[in-house]
Amino acid sequence: MTPSAELPPVLFLSHGAPPLADDARWTSELAGWSETINKPKDILMISAHWENAPVTLSATSQKNELVYDFWGFPQKYYDVRYDAPMAPDLALEVERLTATHGHHVERDESRGLDHGAYVPLKEMFPDADVPVVQMSMPTLDPAGLFELGKSLAPLRERGTLIVGSGFTTHNLRWFNPAGGADVTPPSASSEFDHWAEEAMARGDVDSILDFMHKAPAAREAHPRSEHWAPLYVSLGAAYASGGIEAKTAIDGFWFGLSKRSWTLT
């Protein structure tokens, strides 16, 4: 059952790299999380891996290859498929809603889903039977993305699952495959994760948007903010629907990075 009897939740998830598929614990956590959510009508994905202004939507008229936006991995990760249906009606609603808030929306009919979208979706909705469209982030400005998220809130009333896909900490200098997925995280990663857990539990939107000044080890946890930024959109969509109640759905660390993820209602 959904946390709300009336609206689907809004999610923020830490999406991992393509080898997430080989991590039995994390894939099980994602699958278990999806079982707590009623099957949505469709899904709007906002991934850390697509920054483009103006707001742009992925393909809605023809199937396109996934965006294998990573390098140096074994071939099996480039052979992955996720043939979810197109979501043209959802794209039209996104255009309508964001236009009322001053956003011009474009389409990129040549663009498929990137790994910030299909990697977690393949674990959460493995049948690939829920229509999906991906939306770009037109800026990394926290207030701007929060307002964009607020404009998308009415999508929940039509049964759309809004998903921000990033990483709660994301400093690839910490990533050491030799250490294993369960390596003790750097103190900066664990400190930021603890702060994020408490700030989200309080619904402290102001602190989250101003994380560079409010969070410990913020610049170490996010040398660049693109993996934290999808959370702003998710927060806006939840906030505009009547407030924020955040529940941790997944916690722990993966190669030193916090994989904390939230259900927002």
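Let's start with H115. It is buried, with a relative accessible area of 6%. Keep in mind that this is a predicted model.

Where does H115 sit? It is found in helix α3, which covers residues 115-124. Its side chain makes a polar contact with the side chain of D69, at 2.7 Å. D69 is one of several residues that H115 touches, leaving aside those up to four places away in sequence.

Next, L66. This one is in a loop, between β3 (55-57) and α2 (88-99). Is L66 buried or exposed? Buried, because its relative accessible area is 8%, and the cut-off for buried is under 20%.

What does L66 touch? Setting aside residues up to four places away in sequence, the list is V80, R81, Y82, L113 and Y118. Now compare L66 with T98. They are 32 residues apart in sequence. In space, C-alpha to C-alpha, they are 26 Å apart.

Last stop, strand β2, residues 42-51. Why is this strand described as largely enclosed by the rest of the structure? Because 8 of its 10 residues are buried.

Which strands does β2 join? One is β6, residues 160-166. There are 6 bridges between β2 and β6, and the two run parallel. For an example, take D42: its bridge partner in β6 is T160.

Another is β5, residues 132-137. Here 5 bridges make the link, and again the strands run parallel. E51 is the residue to look at here, with M137 as its bridge partner in β5.

How values were computed. Residues are numbered from 1 along each chain as its sequence is written. This is a predicted model: local features need pLDDT of at least 70, side-chain atom pairs count only at pLDDT 80 or more; totals for chains, interfaces and linings use all residues. Side-chain values use heavy atoms; hydrogens and water are left out. Helices (H or I, at least four residues) and strands (E, at least two) are DSSP runs, numbered from the N terminus. Buried means under 20% relative accessible area, exposed over 50%, partly exposed in between (1.4 Å probe, protein chains only). Contact means heavy atoms within 4.5 Å. Two strands pair if DSSP finds at least two bridges between them. A polar contact is a pair of N or O atoms within 3.5 Å; within protein, one must be able to donate a hydrogen and the other to accept it, and residues adjacent in sequence count only if both atoms are side-chain atoms.
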